[in-house]
Amino acid sequence: MKDQPEIRVSATPGEVRVAGLRGGVLEVAAVERTGRPDGVGDLHLARVSALAAAMSGAFLTLQDGTTAFLPEGELPPPRRPIAQALQEGQALPVRLIRAAQGGKGPRATARLSAAELALAATTTGSAPLLLRRGDDTATRLARDWPNASVVTDNARLAASLGARIGKGRVSLVLGTAFDAELEAAFEDLLSPFVALKDGARLVIQPTSALTAIDVDTGPAAGSRDPMAHKRVNALAILEVARQIRLRNLAGAILVDFAGLSVRQREALVAPMAAALLVDPLKPRLLGLTGLGLMEIVRPRIHPPLHEILGTPPTPLTRGLAALRQALRESAASQGTALALRAAPEVIAALSLEAGVLAAYREATGRSLVLEPDPRLRPGQEQVAEPSP
């Protein structure tokens with residue numbers, strides 16, 4: 001039934017996309033690069049590489065050479081200074097609780113469950129060592145949405161999800177788990193523009209310091225109707241909250257509502273706070289700045305969507321999208337080999353992404369011919385028969 005919550009999981013070479021729908025409306029969107037997991041939830045036997053008393057924490061070395069940070073507050077009780085709790089060179093079991101960001105490594109905790117401590121105690125390897133991967137997005141969402149059915153187009157994913165959340169909840173479909181409407185919705189998330197009614201729109205601009213969201217009233221900007229801006233802002237509040245969730249925006253978020261004085265904008269604070277209540281990460285609405293910008297802070301755990309996909313979309317993002325198109329056309333081409341013509345940087349990104357082309361060959365039974373074309377730009381990829 002359309003009113004029932006549903007999770008759709010589509011696996012294609014190089015990535016897994018997850019959509020959570022309620023009443024047929026997209027409420028959760030995630031993209032995982034299979035060769036680049038964010039590491040959140042991973043259990044490690046780390047090595048303490050440096051104590052940082054001035055930062056109230058310690059730096060840890062992980063198996064892949066990554067440096068993680070362990071805050072003093074994430075040590076198990078009793079609470080004590082980091083220099084008394086740890087020593088450089090020691091092995092320490094930890095779980096990653098936040099992905100890397102802004103050039104900084106991931107954050108870790110040493111507050112582990114009894115099962116995690118037991119697993120670390122029975123390991124025979126030496127630090128640093130990865131003990132167990134954390135749950136993927138589909139598994140986490142299925143646990144958060146216990147009444148949702150799960151539909152996937154990948155047999156391996158169906159089997160692994162069924163083992164973790166129950167086989168009765170998971171369905172395997174032929175073809176793709178994403179229909180045209182869902183594909184379009186994910187494509188929209190690549191754009192900084194979000195259409196509202198009557199020509200109004202949101203403009204979402206992430207920066208290294210914060211994310212700015214502007215409410216653009218469009219034709220209503222010159223309206224003499226005193227209620228025009230209020231109607232646009234009322235619609236914008238719900239969509240701002242939804243886009244924050246869909247794009248997994250994190251950190252400082254500033255929202256510039258349209259056409260109202262600072263005093264008039266105070267009436268928008270309570271509705272915005274109510275719209276944010278459904279967010280599982282519980283963002284904090286701090287109020288209005290002196291300029292009348294609404295200030296929101298949302299916790300960061302997993303990377304925002306724009307960091308994974310790029311703004312504008314990276315050559316790899318465009319290349320993986322072209323691979324999805326090639327998969328669809330391959331299924332209808334009756335065994336004919338296909339070629340991907342694209343900008344040289346798109347071809348290079350695909351060639352360097354481990355396992356992606358092999359996964360395409362495994363899925364289709366034939367290789368994809370890569371044809372770099374310097375006349376094309378990223379976003380102008382073409383799937384066709386190979387050049388003679």
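Which side chain meets that of Arg33 in a salt bridge? In this predicted model, the partner is Glu15, with an N to O distance of 3.2 Å. Glu15 also meets the side chain of Arg324 in a salt bridge, and Glu15, Arg33 and Arg324 are linked in a network.

**Salt bridges**

- The whole structure contains 21 salt bridges.
- In the pair of Arg33 and Glu15, the N to O distance is 3.2 Å.
- Arg33 has a relative accessible area of 7% and is buried. Glu15 is buried as well, with a relative accessible area of 3%.
- In the pair of Arg324 and Glu15, the N to O distance is 2.2 Å. Arg324 lies in helix α10 while Glu15 lies in strand β2, so the pair ties together parts that are 309 residues apart in sequence.
- Arg324 and Glu15 are both buried.
- Another salt bridge joins Asp373 and Arg375, whose closest N and O atoms are 2.9 Å apart. Asp373 counts as buried because its relative accessibility is 11%, under the cut-off of 20%. Arg375 is exposed, because its relative accessible area is 72%, over the cut-off of 50%.

- β1 is mostly covered, with five of its seven residues buried.
- Seven bridges pair β1 with β2 in the antiparallel sense. Within this pairing, Val9 has Val18 in β2 as its bridge partner.
- Two residues lie between the strands of the β1 and β2 hairpin, where Gly14 takes a positive phi near 90°.

- Arg8 stands opposite Val151 in β10.
- β10 pairs in turn with strand β11 (residues 170–172), in the parallel sense and over three bridges. Here Val151 has Ser171 in β11 as its bridge partner.
- Between β10 and β11 the chain passes through α4, and this β-α-β crossover is right-handed.

**The second largest pocket**

- The second largest pocket holds about 1,000 Å³ of space.
- This pocket is lined by 39 residues, and the closest to its centre are Ala11, Thr12, Pro13, Asn154 and Ala363.
- Which elements give two or more residues to the lining? They are β1 (6–12), β2 (15–22), α3 (137–144), α4 (155–165), α10 (315–331) and α12 (356–364).
- By class, the lining of the second largest pocket has 15 nonpolar, 13 polar and eleven charged residues.

Conventions:
Residues numbered from 1 in each chain as written. Predicted model: local features only at pLDDT ≥ 70, side-chain atom pairs only at ≥ 80, totals over all residues. Heavy atoms only, no water. 1 Å grid on protein atoms, 1.4 Å probe; cavity = no way out; pocket = protein on both sides within 12 Å on 5 of 7 lines; lining within 4 Å. Points joined across faces, edges and corners; volume = space filled by probe spheres on them. Helix = DSSP H or I, 4+ residues; strand = E, 2+ residues; numbered from the N terminus. Nonpolar A, V, L, I, M, F, W, Y, C, P; charged D, E, K, R; others polar. Pairing = 2+ DSSP bridges. Right-handed = clockwise from strand over helix to strand, strands pointing away. Buried < 20%, exposed > 50% of the residue type's maximum accessible area, 1.4 Å probe, protein only. Salt bridge = Lys/Arg side-chain N within 4 Å of Asp/Glu carboxyl O.
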